[in-house]
Amino acid sequence: MNITLLDDYHDTVRTLKVFGMLAGHDVRIWNDHINDLDGLTDRLKDADILILIRERTPIRRPLIERLPRLQLISQRSVYPHIDVGACTEHGVLVCSNMHAGTPSYATAELTWGLILAAMRQIPRQMASLRAGRWQCGVGESVRGKTIGIYGWGRIGGAVAEYARAFGMNVLVWAREASRARAAQAGWQAAASKESFFERCDVITLHMRLVDATRGIVTAADLARMQPGALIVNTSRAGLIEPGALVGALRAGRPGMAAVDVYEEEPVRDPHHPLLGMDNVVCTPHLGYVTRDEYELQFHDIFEQIQAYVAGAPIHMINPEALARRKR
């Protein structure tokens, strides 16, 4: 099989232990990112199987229609970037392990790292030292403060455990059923969304981006936060109402943000408004980007390919595509 992998920025995948699972196949790996239709068509025209790294490249109908050889898209996690309907029509099977059993500890760890970096002003203090100055300000401790987990799932639960180890008070806001699960596990739920934003010193978002959650954090929500509060987003930028975060930070409520996700990625504009704010810690969507996490993710991705080649596909999103497979 001809297998193509897009967006392996640091040429990491071929160095993984699990890469041997693709032995015997012709594998082409691209390390740069492009998103124009003609360029992607040229790269994928001979591919029987396409491997995607999360949501780095959207795969939409106009591209799928130009790829008559494509049989399988193999990836891990959610798939809003894939036009599954168009794939089905053109006989392209989509397989994605949703890893329902375990959280992404890498994302939970990055979330906690961003909290500490922002509260203790670590990037600003480093920049000050490198510029020949000494301390540039006074940070905040986390012990005894209240952290709000917005969205109660596997990653949110892991972050809550980290917070408890640091002596923080944990408050949860989520859908009613999720709040009930958190309460059953011994965590405190906020009385209302309004009080959640008012009471928390730190709020971190842990929800999937679907129609029901798009823009779920509004400008009015952010305006309820205290001037010394921090909001953290390692989930999806679309959870926050467009323009609301920049406006809120400029207005001083909340006073800080730590962000790993953006409306358009990758961010290549050094003049992006968040990058120019001293009260914002920005990272380039690193939540899942660790070697350990890659070993886990690509084991699942390559296992899906092995199963497909063996004639017994697994983790199928659109099994009906098999009946429309190109001959």
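The charged end of Arg-179 sits over the ring of Trp-173, 4.1 Å from the ring centre. This comes from a predicted model.

**Aromatic pairs**

- A pair of aromatic rings is described by the distance of the centres and the angle of the planes.
- Tyr-150 has a relative accessibility of 3% and counts as buried. Phe-196 is buried as well, at 0% relative accessibility.
- Phe-196 also pairs with Phe-197, again edge-to-face, with 5.5 Å from centre to centre and 85° between the planes. Phe-197 has a relative accessible area of 0%, and is therefore buried.
- Elsewhere, Phe-19, Tyr-294, Phe-298 and Phe-302 are joined into a cluster by ring pairs.

**Salt bridges**

- Asp-11 is partly exposed at 29% relative accessibility, and Arg-14 is partly exposed with a relative accessible area of 41%.
- Arg-66 and Asp-38 meet through their side chains in a salt bridge of 2.7 Å, N to O. Arg-66 lies in the loop between α2 (61-64) and β4 (72-76), while Asp-38 is in helix α1 (residues 37-44), so the pair ties together parts that are 28 residues apart in sequence.
- The two partners fall into separate accessibility classes: Arg-66 is partly exposed at 37% relative accessibility, whereas Asp-38 is exposed, with a relative accessible area of 52%. The cut-off for exposed is over 50%, which is why Asp-38 at 52% counts as exposed.
- Arg-224 and Asp-221 form a salt bridge through their side chains, at 3.7 Å from N to O. Arg-224 is partly exposed, with a relative accessible area of 28%, whereas Asp-221 is buried, with 5%.
- Asp-221 and Arg-224 are part of one network with Lys-193 and Glu-198, joined by salt bridges that share partners.

**Helix α10**

- Helix α10 covers residues 244-251, and its buried residues are Ala-244, Leu-245, Val-246, Ala-248 and Leu-249.
- An α-helix has 3.6 residues a turn, so residues three or four places apart point the same way.
- The elements against which the buried residues of α10 pack are α9 (219-223), β10 (230-233), β11 (256-259) and β12 (280-282).

**A buried acidic residue, Asp-300**

- Asp-300 is found in helix α11 (residues 291-309).
- The relative accessible area of Asp-300 is 9%. Buried means under 20%, so Asp-300 is buried.
- Apart from its neighbours within four places in sequence, Asp-300 is in contact with Arg-76 and Asn-97.

**An exposed lysine, Lys-17**

- Lys-17 lies in the loop between β1 (2-5) and β2 (26-29).
- With a relative accessible area of 78%, Lys-17 is exposed.
- Lys-17 and Glu-295 are 278 residues apart along the chain, and their C-alpha atoms are separated by 7.1 Å.

Conventions: Residues are numbered from 1 along each chain as its sequence is written. This is a predicted model: local features need pLDDT of at least 70, side-chain atom pairs count only at pLDDT 80 or more; totals for chains, interfaces and linings use all residues. Side-chain values use heavy atoms; hydrogens and water are left out. Buried means under 20% relative accessible area, exposed over 50%, partly exposed in between (1.4 Å probe, protein chains only). Rings of Phe, Tyr and Trp (its six-membered ring) pair if their centres lie within 6.5 Å; planes under 30 degrees apart count as stacked, over 60 as edge-to-face and the rest as tilted. A charge sits over a ring if NZ of Lys or CZ of Arg is within 6 Å of the ring centre and within 35 degrees of the ring normal. A salt bridge is a side-chain nitrogen of Lys or Arg within 4 Å of a carboxyl oxygen of Asp or Glu. Helices (H or I, at least four residues) and strands (E, at least two) are DSSP runs, numbered from the N terminus. Contact means heavy atoms within 4.5 Å.
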